[in-house]
Amino acid sequence: MRSLPNIIITGTPGVGKTTTITELLNLAQSAEPPIPLKHLSINDIVKSRDFEKEISDGEGEGGFIIDWHSTAGFAVRWVDLVLVVRCAATDVLYDRLSKRGYKEEKIQENMDAEIFGVVLEEAKEGWEEEQVIELSSVNAEDVETNAERILSWIKTWVLNQQH
Ligand code: DAT
């Protein structure tokens, strides 16, 4: 049994996954006692390493916060919670993707995926309803609120494991 949950933070590119995880890790580090979470950015490792191995090797300890725009390819048993970050404000999402230098076609593709909730539907196909949670991330305040919520879920998960 893991001592910390593994969590996927997923969602369309630009919704705020990495920003939320950065804030979460800051909060976890300054918690008393600190909670040793590990940011696993699939973007950064997918080309060079076998990410399945990375997660399954760490299965005993847990605490992986997986940052990826899809839940496809992850074994359901590895992941305790799937958090789907959403940005319903399409103008805001458009600006974020455009600042990233995405071409118009790629922006539209991602906007459509966000509007139709593609990532959320995919997550619901794999995990139980109570394991899949949507988090709205439109403004800076949302980042903090969402990170605090995630940390409190992690603490609750740990307590539940002990009983
Ligand atoms: P993702 O990891 O989902 O691709 P990101 O965390 O890199 O997205 O965020 C993309 C950009 O949008 C980045 O410049 C930070 C900004 N951003 C994300 N979420 C935000 C929020 N809730 N409020 C304000 N800016 C946000």
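One caution before we look. This is a predicted model.

Start with the two helices. H1 covers residues 17–30, and H7 covers residues 140–162. They pack at an angle of about 55°. Their axes are 9 Å apart. The crossing of H1 over H7 is right-handed.

Who makes the contact? From H1 come Thr19, Thr20, Glu23, Leu24, Leu27 and Ala28. From H7 come Val143, Glu144, Asn146, Ala147, Glu148, Ile150, Leu151 and Ile154. Sort the residues of this contact by class, and you get eight nonpolar, three polar and three charged.

Next, a second pair. Helix H4 runs over residues 90–99, and helix H5 over residues 104–116. Their axes come within 10 Å. They cross at roughly 145°. This crossing is right-handed. On the H4 side, find Thr90, Leu93, Tyr94, Leu97 and Ser98. They meet Glu104, Ile107, Gln108, Asn110, Met111, Glu114 and Ile115 of H5. The classes in this contact are six nonpolar, four polar and two charged.

Now the largest pocket. How much space lies in it? About 360 Å³. The lining has 21 residues. Closest to the centre are Pro13, Gly14, Lys17, Thr18 and Arg100. Which elements give two or more residues to the lining? H1, H7 and strand E2, residues 38–41. H1 gives the most, with three residues. By class, the lining has seven nonpolar, 10 polar and four charged residues.

Look at the loop between H1 and E2. Pro33 sits there. What kind of peptide bond joins Glu32 and Pro33? A cis one, with omega at about 0°.

That is the tour. Find H1 on your screen, then trace the chain into the loop that holds Pro33.

Notes:
Residues are numbered from 1 along each chain as its sequence is written. This is a predicted model: local features need pLDDT of at least 70, side-chain atom pairs count only at pLDDT 80 or more; totals for chains, interfaces and linings use all residues. Side-chain values use heavy atoms; hydrogens and water are left out. Axes are lines fitted to C-alpha atoms, for helices over the stretch in contact, and angles run from 0 to 180 degrees between N-to-C directions. Helices (H or I, at least four residues) and strands (E, at least two) are DSSP runs, numbered from the N terminus. A crossing is left-handed if the near helix is turned anticlockwise from the far one by less than a right angle, and right-handed if clockwise. Contact means heavy atoms within 4.5 Å. Ala, Val, Leu, Ile, Met, Phe, Trp, Tyr, Cys and Pro count as nonpolar, Asp, Glu, Lys and Arg as charged, and the others, Gly among them, as polar. On a 1 Å grid over the protein atoms alone, a cavity is a set of points where a 1.4 Å probe fits but cannot get out, and a pocket is an open set with protein on both sides within 12 Å along at least five of seven lines; lining residues have an atom within 4 Å of a point. Grid points are joined across faces, edges and corners, and a volume is the space filled by probe spheres set on the points.
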